[in-house]
Amino acid sequence: MTLVIDCHGHYTTAPPEHDAWRERQVAAFREGGAAPAYPAIADDRIRETIEANQLKLLNERGADLTVFSPRASTMAPHVGDERVATDWARASNDLIARVCALYPDRFVGVCMLPQSPAADMAGSIAELQRCVGELGFVGCNLNPDPGGGHFAHPPLTDRFWYPFYEAMVELDVPAMIHVSGSCNRAMHATGAYYIAADTIAFMQLLQGDLFRDFPTLRLIIPHGGGAVPYHWGRYRGLADMLKQPDLATHLMNNVFFDTCVYHQPGIDLLATVIETKNILFGSEMVGAVRGIDPRTGHHFDDTKRYVDALPIDPEQRHAIFEGNARRVFPRLDAMLKENGR
């Protein structure tokens, strides 16, 4: 029996006390004062937020497990300084750990990073090591644009990022390439910035030779790969023009896309253009698009329904729902095996 593993979930329904503390933390920084103590949040409060939302939808839609991380749009490492970013990341990751402890069969943690724009990656390495080593997390969300919409950081192939990749390889964890909220008013966060960042990240990887230096590094580009699958011919052609190897060997042993694409034709295209081995099931629920599609009567982000409808064989469906996730997240695979799953 296939496990349905959702590789892309965020705690978008975190307790209001958590978000209120963030507001007070930022206000204290701007006023030059010390941040207040983090509030005590009861387990029952966490249960309320999860059982009425993510867990309810997992059960209704037929998924078994979510790879769960803090809300992406509020990671916001550009707010405050590195100390602010670090305290916020630790509080957010600790909250994810509590969810996973309360529902160990349904949620497994992935961490956000304190990527303050003026900082190097040392603090992010420390937080990754803490979350994997102490909290049992299986991966991380890596922000390619910590400045929040200005793309001032070097490309993902630059040596600026190498110490972090070395830590990822040592811990044997993947990263989802995921930006946060946009502070650029020209870019709507989920409709423009996210998709643009996904596409930009892929092109950065195409231009470089990152996986020659890190052959076991694994990166997930979310939201169906941004615009990449739709323009696959463009990227194959650009690789040829830039004298890069074929994408199949240059990138696609290390780069994966999820199924956070919110209509059937989009999922059909993804599965037609991209090899099954590079597709992981994901929904991002409850996330960017929460409404019901009037054409189908179903929620836009009920992506399992789209994968179920794909004209693919059982082996391919198993790979998308379970097999690929276990391969890309080996710590998750080990955790599941330990529990007899």
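C131 is buried, because its relative accessibility is 0%. The model is predicted. C131 takes part in no disulfide, and the nearest cysteine sulfur, that of C111, lies 4.2 Å away. A disulfide is a covalent bond between the sulfur atoms of two cysteines. Here a pair counts when its sulfur atoms are within 2.5 Å. C260 is in no disulfide either; its nearest cysteine sulfur belongs to C7, at 6.4 Å. C260 has a relative accessible area of 6%, so this cysteine is buried. The disulfide count comes to zero.

## Helix α14 and its cover

Helix α14 spans residues 330-338, and its buried residues are L332, D333 and L336. Viewed down the axis, these fall within an arc of 100°, so they line one face of the helix. What lies over them? The cover includes β1 (5-11), β2 (65-70), β3 (107-109) and α13 (314-328). After α14 comes G340, with a positive phi near 75°.

L332 is part of α14. L332 counts as buried because its relative accessibility is 0%. Beyond its neighbours within four places in sequence, L332 is in contact with I5, L65, V67, V108 and V138.

A325 sits in helix α13. With a relative accessible area of 2%, A325 is buried. Leaving out residues up to four places away in sequence, A325 touches I5 and L280.

Helix α6 runs over residues 162-171; buried in it are Y162, F164, Y165, A167, M168 and L171. These pack against α5 (122-133), β4 (140-142), β5 (175-177), α8 (210-213), β6 (219-221) and α14. Just after α6, D172 has a positive phi of about 60°.

Helix α11 covers residues 264-273, and its buried residues are G266, I267 and L270. Their arc around the axis is only 95°, which puts them on the same side of α11. Which residues are exposed on the other side of α11? They are P265 and T272. The buried residues of α11 pack against β7 (255-258), β8 (279-280) and α12 (303-308).

| Pair | Axis separation | Angle |
|---|---|---|
| α1 (16-31) and α4 (82-102) | within 11 Å | roughly 170° |
| α2 (43-51) and α3 (54-61) | 4 Å | about 35° |

The axes of α1 and α4 cross at roughly 170°. Angles over 145 degrees count as roughly antiparallel, and α1 and α4 are therefore roughly antiparallel to each other. From α1, the contact uses H18, D19, W21, R22, Q25 and F29; from α4, it uses V84, D87, W88, A91, S92 and L95. By class, the contact of α1 with α4 holds six nonpolar, three polar and three charged residues.

In the second pair, T49, I50 and E51 of α2 meet Q54, L55 and K56 of α3. The contact of α2 with α3 divides into two nonpolar, two polar and two charged residues.

## Backbone exceptions

Most residues other than glycine have a negative phi, and most peptide bonds are trans. Several places in this model depart from that pattern.

K243 is not a glycine, yet its phi is positive, near 60°. K243 lies in the loop between α9 (232-241) and α10 (247-250). Is K243 buried or exposed? At 72% relative accessibility, K243 counts as exposed.

E284 also has a positive phi, about 60°, and is not a glycine. E284 is in the loop between β8 and α12. With 4% relative accessibility, E284 counts as buried.

V286 lies in the loop between β8 and α12. The peptide bond joining M285 and V286 is cis, with omega about 0°.

Notes: Residues numbered from 1 in each chain as written. Predicted model: local features only at pLDDT ≥ 70, side-chain atom pairs only at ≥ 80, totals over all residues. Heavy atoms only, no water. Axes fitted to C-alpha atoms, helices over the stretch in contact; angles between N-to-C directions. Helix = DSSP H or I, 4+ residues; strand = E, 2+ residues; numbered from the N terminus. Parallel < 35°, antiparallel > 145°, perpendicular 65-115°, else oblique. Contact = heavy atoms within 4.5 Å. Nonpolar A, V, L, I, M, F, W, Y, C, P; charged D, E, K, R; others polar. Buried < 20%, exposed > 50% of the residue type's maximum accessible area, 1.4 Å probe, protein only. Arc of directions from axis to C-beta.
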